[in-house]
Amino acid sequence: MNKLRLVLLAIILSSQKLSAEEGWIDLFNGTNLSGWTEKAGDAKFYVQDGCIVGETVSESDTNSVLCTKKYYDNFNLELDFKADHQLFSGVHIRSQYASRDTHWKWDGRPLIIPKGHVYGYLVLIDPSPNHRWWTATLYDQRWWSGGIYDELRRMWLYPGMLGGNADDFSAQGIRIFKTNDWNHLRIEAVGDSIKTYLNGVPCAQIHDSMNLKGFIGLQVRDWISDDDHEELEGAKVRFKNIRLQKIPLTPPQAAIRPKPLEKECVTKSLTPEAIQWQFF
């Protein structure tokens with residue numbers, strides 16, 4: 001009888017494990033970049049020791065992004081990353097590629113996304129203790145990994161216009177970010193809800209419907225985060241264990257529609273480079 005109970009318990013535990021793993025797909029096969037394509041920038045992307053490596057090549061005003069060929073809408077995304085000290089990076093979700101110059105107006109402000117750039121939600125990898133800009137006051141340092149940035153459009157969403165306190169976010173980042181070590185990132189994007197977790201700790205949470213579908217992208221910024229933005233050719237960020245679980249929508253979530261932009265406009269008064277360098 002005891003043996004039978006043990007067998008039944010093993011079956012139950014095995015079933016629970018299979019259920020927990022159900023629906024997960026590997027976005028990276030650990031061997032090559034099959035299923036991925038580089039859409040912007042000049043950084044090198046290659047596979048080494050079972051990791052996708054993004055390596056800077058020179059100072060540039062164009063961010064480099066390695067993107068999935070498939071588009072995804074509602075999902076849980078998990079991955080591990082390790083970034084060289086002070087090298088900005090990030091993970092794009094539901095993002096888009098500008099195949100031509102795109103002119104928008106948002107909240108009365110002109111936006112220009114030039115041809116050849118990736119734009120959209122970016123979950124930041126920010127190992128930048130020397131990044132002393134407007135974004136952090138009390139701590140005079142910014143550790144905003146797990147924060148959500150709207151690349152080339154509205155800039156910081158969290159901490160920013162959609163919630164979060166800059167100083168509190170910096171304080172938490174100092175505690176949970178592992179410098180020169182592997183970190184675990186989880187992103188939940190379901191309907192208009194986006195949540196991020198770094199090393200198991202909740203980070204950002206927003207409700208926004210500007211983009212409800214797009215590709216996953218691994219970003220490398222081509223400059224280092226020191227006071228002089230000194231070029232550091234050869235700096236690397238590594239990604240591994242990249243997997244995604246598709247999430248079916250409930251009827252109320254399925255009714256959400258993308259938030260419309262104002263009509264297109266043509267302007268030269270505000271360039272995307274100016275937006276990035278001032279606010280990133």
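Start with helix α2, residues 166-176, and what its buried side packs against: β12, β13 (183-190), β14 (193-198) and β15. Contact here means heavy atoms within 4.5 Å. The buried residues of α2 are Asp167, Phe169, Ser170, Ala171, Gln172, Gly173 and Ile176. Buried means under 20% relative accessible area, exposed means over 50%, and partly exposed is in between, with a 1.4 Å probe and protein chains only. As background, an α-helix has 3.6 residues a turn, so residues three or four places apart point the same way.

The N-terminal end of α2 is capped by Asn165, which places a side-chain oxygen 3.1 Å from the backbone nitrogen of Asp167. I use polar contact for a pair of N or O atoms within 3.5 Å; within protein, one must be able to donate a hydrogen and the other to accept it, and residues adjacent in sequence count only if both atoms are side-chain atoms.

A note on the source: this is a predicted model, where local features need pLDDT of at least 70 and side-chain atom pairs count only at pLDDT 80 or more, while totals for chains, interfaces and linings use all residues. Residues are numbered from 1 along each chain as its sequence is written, and side-chain values use heavy atoms, with hydrogens and water left out.

Now the totals. The protein has 4 helices and 17 strands. Of its 280 residues, 51% are buried. The accessible surface is about 13,200 Å², and carbon and sulfur atoms hold 51% of that; the areas come from the Shrake-Rupley method with a 1.4 Å probe, and for residues only the protein chains shown count as cover. Taking contacts between residues at least 6 apart in sequence, 74% join residues at least 24 apart.

Next, the charged pairs. How many salt bridges does the count come to? The count is 7, where a salt bridge is a side-chain nitrogen of Lys or Arg within 4 Å of a carboxyl oxygen of Asp or Glu. Asp150 takes part in a salt bridge with Arg153 at 2.9 Å, N to O, and both of these residues are buried. Asp150 also forms a salt bridge with Arg154, with the closest N and O atoms 2.7 Å apart. Asp150 counts as buried because its relative accessibility is 0%. Asp208 is buried too, at a relative accessible area of 4%, and Arg154 counts as buried at 3%. The side chains of Arg154 and Asp208 meet in a salt bridge of 2.8 Å, N to O. Arg154 is in the loop between β11 (148-151) and β12 (155-158), and Asp208 is in the loop between β15 (201-207) and β16 (215-224), so this pair ties together parts that are 54 residues apart in sequence. Elsewhere, a network of salt bridges links Glu78, Arg186, Glu188 and Arg243.

On to strand pairing, which requires that DSSP finds at least two bridges between two strands. Strands β3 (residues 44-48) and β4 (residues 51-55) run antiparallel and are joined by 5 bridges. Phe45 has Gly54 in β4 as its bridge partner. The two strands form a hairpin with 2 residues between them, and Asp49 in the turn has a positive phi of about 55°.

Two single residues are worth a look. Which residues does Gly217 contact, leaving aside neighbours within four places in sequence? Gly217 touches Val65, Leu66, Cys67, Gly90, Val91 and His92. Gly217 lies in strand β16 and is buried, with a relative accessible area of 0%. Gln96 is 121 residues from Gly217 in sequence, yet the C-alpha atoms are 9.5 Å apart.

The other residue is Thr102, in strand β8 (residues 102-106). Thr102 counts as buried at 10% relative accessibility. A polar atom of the Thr102 side chain lies 3.2 Å from the backbone oxygen of Arg100. Not counting residues up to four places away in sequence, Thr102 touches Leu111, Ile112 and Ile113.

Last, the cysteines. The disulfide count is 0, with a disulfide taken as a pair of cysteine sulfur atoms within 2.5 Å. Cys51 counts as buried at 7% relative accessibility, and Cys203 counts as buried at 9%.
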